[in-house]
Amino acid sequence: MALLTDGNPNDTEELRVYETAILSVADVEMIDLNAKLGLATEEVADEVLDILLDHTRAYAPQSNIRRTIGVSDVAVTPQLKRWQSVHTLEIVYRDAFNNQLNDRYKPKWDEYRELSREAREQTARFGIGLVLSPIPRAGVPILSVVSGTTPATTYYVRVSWVSAAAQEGSPSDMTAFSTTDGNLLTAQAAQPPAIATGWNVYIGLTDSTVTLQNSTPIPVGQTFTLPSSGLVNGRPPGDGQTPDVYVTGGRMLRRG
């Protein structure tokens with residue numbers, strides 16, 4: 001699972017699972033869906049922090065720690081992902097209604113406002129998933145070439161950070177890079193978080209076939225060079241860390 005601070009839990013295509021006409025509505029009403037996704041993430045994050053703070057007394061040391069780390073250790077569970085999606089749709093239809101006071105959008109606004117409220121309650125009941133040693137999502141890698149013997153090729157690349165405990169964060173966005181004849185692809189993960197001791201690189205010839213290319217994590221600061229023998233058929237990238245504990249009902253419940 002990705003961390004809540006890794007970026008928006010949903011994209012515009014995932015919103016269409018709930019509302020097939022959402023792209024048309026946004027186009028007609030000139031609503032920036034990506035901006036609304038970001039706003040919904042911020043508002044959900046504030047609500048999550050409020051739930052977490054409610055489980056510590058104002059004078060308790062844990063409360064001060066929570067205020068410092070915010071939601072940086074919160075994993076995006078299925079419940080939280082659904083909450084962010086329906087809350088985004090609530091915001092979109094609220095704006096669509098308020099743009100022209102068009103009554104045809106009011107029922108949708110009311111519907112998603114209620115769904116958002118229910119999703120918040122469900123998330124709180126199920127529990128806020130926390131990762132004890134969170135690893136941030138990796139940024140896009142630095143890609144280049146060195147002299148070699150391979151033909152010109154277009155590669156698709158993702159990278160992820162790995163901790164000393166062999167935990168892996170969410171992979172970066174996909175990056176496409178084309179080499180020229182007689183060159184080998186090189187990759188380097190940039191701006192490592194403090195917890196990272198290494199990184200993984202996933203490469204493929206299409207965006208749906210990227211697989212792990214290193215047998216052990218590459219040390220932070222080192223560059224990976226694709227060998228002249230070509231790609232290996234490793235495992236596909238994961239989607240980040242799973243919660244170690246859940247905060248629910250005033251208690252910390254350990255996973256499993």
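Start in the loop that joins helix 2 (22–28) to helix 3 (33–53), in this predicted model. Met30 sits in that loop. Its phi is positive, about 55°, although Met30 is not a glycine. Most residues other than glycine have a negative phi. Met30 is also exposed: its relative accessible area is 76%, and the cut-off for exposed is over 50%.

Now move to the loop between strand 5 (183–188) and strand 6 (196–204), where Gln191 is found. Gln191 is not a glycine either, yet has a positive phi of about 55°. Gln191 counts as exposed because its relative accessibility is 76%, against a threshold of over 50%.

Next, the empty space. Rolling a probe the size of a water molecule over the atoms shows where such space is left. The largest pocket has a volume of about 500 Å³. Its lining comprises 20 residues. Nearest the pocket centre lie Ala2, Asn8, Pro9, Lys81 and Asp239. By residue class, the lining of the largest pocket divides into seven nonpolar, six polar and seven charged.

Finally, confidence. The chain has a mean pLDDT of 93. In 95% of its residues, pLDDT reaches 70 or more. Residues 250–254 are another matter: pLDDT stays under 50 there. The model still has 14 contacts for this stretch beyond four places in sequence. Where pLDDT is low, the predicted coordinates should not be read in detail.

Definitions and conventions:
Residues are numbered from 1 along each chain as its sequence is written. This is a predicted model: local features need pLDDT of at least 70, side-chain atom pairs count only at pLDDT 80 or more; totals for chains, interfaces and linings use all residues. Side-chain values use heavy atoms; hydrogens and water are left out. Helices (H or I, at least four residues) and strands (E, at least two) are DSSP runs, numbered from the N terminus. Buried means under 20% relative accessible area, exposed over 50%, partly exposed in between (1.4 Å probe, protein chains only). On a 1 Å grid over the protein atoms alone, a cavity is a set of points where a 1.4 Å probe fits but cannot get out, and a pocket is an open set with protein on both sides within 12 Å along at least five of seven lines; lining residues have an atom within 4 Å of a point. Grid points are joined across faces, edges and corners, and a volume is the space filled by probe spheres set on the points. Ala, Val, Leu, Ile, Met, Phe, Trp, Tyr, Cys and Pro count as nonpolar, Asp, Glu, Lys and Arg as charged, and the others, Gly among them, as polar. pLDDT is the predictor's confidence in each residue, from 0 to 100. Contact means heavy atoms within 4.5 Å.
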